[in-house]
Amino acid sequence: MIFQNITCVRTQDQFGQKDMESSRRYLLQAEIEYWHEMLQLNKSRIPKSKEEEMRVCLKKALRAFNSNPVGEFRAAA
């Protein structure tokens with residue numbers, strides 16, 4: 001039990017930043033999938049101005065996802 005607690009603390013100290021980056025990237029990927037899906041499903045139902053707003057949101061999420069300095073996990077648009 002004590003060993004597990006020490007391991008958790010050590011893991012948070014060493015890898016806490018990586019875990020946060022991984023969570024951030026996971027959320028961005030989910031946002032990208034959401035906007036992509038919404039655009040596909042609603043393309044014929046929404047006005048052109050709303051479609052453009054959604055495309056801007058999708059592009060912003062893609063840029064944030066691909067802005068990792070290490071260059072891992074690139075998304076294909």
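## Fold and surface

Helices here are DSSP runs of H or I with at least four residues, numbered from the N terminus. The model is predicted. By that assignment, the protein chain has two helices and zero strands. Helix 1 covers residues 2-42, and helix 2 covers residues 48-65.

The protein chain has 77 residues, of which 17% are buried. Its exposed surface comes to about 6,500 Å², with 58% supplied by carbon and sulfur atoms. Of the contacts between residues at least 6 apart in sequence, 43% join residues at least 24 apart.

## Nonpolar core

Nine residues form the largest nonpolar core: Leu28, Ile32, Trp35, Leu39, Met54, Leu58, Ala61, Leu62 and Phe65. Helix 1 and helix 2 are the elements that each give two or more residues to this core. Helix 2 makes the greatest contribution, with five residues. In soluble globular proteins, nonpolar side chains tend to be buried together.

Met54 is one of the core residues. Leaving aside residues up to four places away in sequence, Met54 touches Trp35, Met38, Leu39 and Ile46.

## Glu51 in helix 2

Glu51 is part of helix 2. Is Glu51 buried or exposed? Its relative accessibility is 4%, and the cut-off for a buried residue is under 20%, so Glu51 counts as buried.

With residues up to four places away in sequence left out, Glu51 is in contact with Leu39, Lys43 and Ile46. Leu39 and Ile46 are also among the residues that Met54 touches.

## Aromatic rings

Searching the whole structure gives one aromatic pair. The pair consists of Tyr34 and Trp35, whose ring centres are 5.0 Å apart. Their planes meet at 70°, and planes over 60 degrees apart count as edge-to-face, so the pair is edge-to-face.

The two partners fall into separate accessibility classes. Tyr34 has a relative accessible area of 43% and is therefore partly exposed, since that class lies between the 20% and 50% cut-offs. Trp35, at 18%, is buried.

Arg25 lies over the face of the Phe65 ring, 4.2 Å from the ring centre. Phe65 is also the residue at which helix 2 ends, given its range of 48-65.

How values were computed
Residues are numbered from 1 along each chain as its sequence is written. This is a predicted model: local features need pLDDT of at least 70, side-chain atom pairs count only at pLDDT 80 or more; totals for chains, interfaces and linings use all residues. Side-chain values use heavy atoms; hydrogens and water are left out. Rings of Phe, Tyr and Trp (its six-membered ring) pair if their centres lie within 6.5 Å; planes under 30 degrees apart count as stacked, over 60 as edge-to-face and the rest as tilted. Buried means under 20% relative accessible area, exposed over 50%, partly exposed in between (1.4 Å probe, protein chains only). A charge sits over a ring if NZ of Lys or CZ of Arg is within 6 Å of the ring centre and within 35 degrees of the ring normal. Contact means heavy atoms within 4.5 Å. A nonpolar core is a set of buried Ala, Val, Leu, Ile, Met, Phe, Trp, Tyr and Cys residues joined through side-chain atoms within 4.5 Å. Accessible areas come from the Shrake-Rupley method with a 1.4 Å probe; for residues, only the protein chains shown count as cover.
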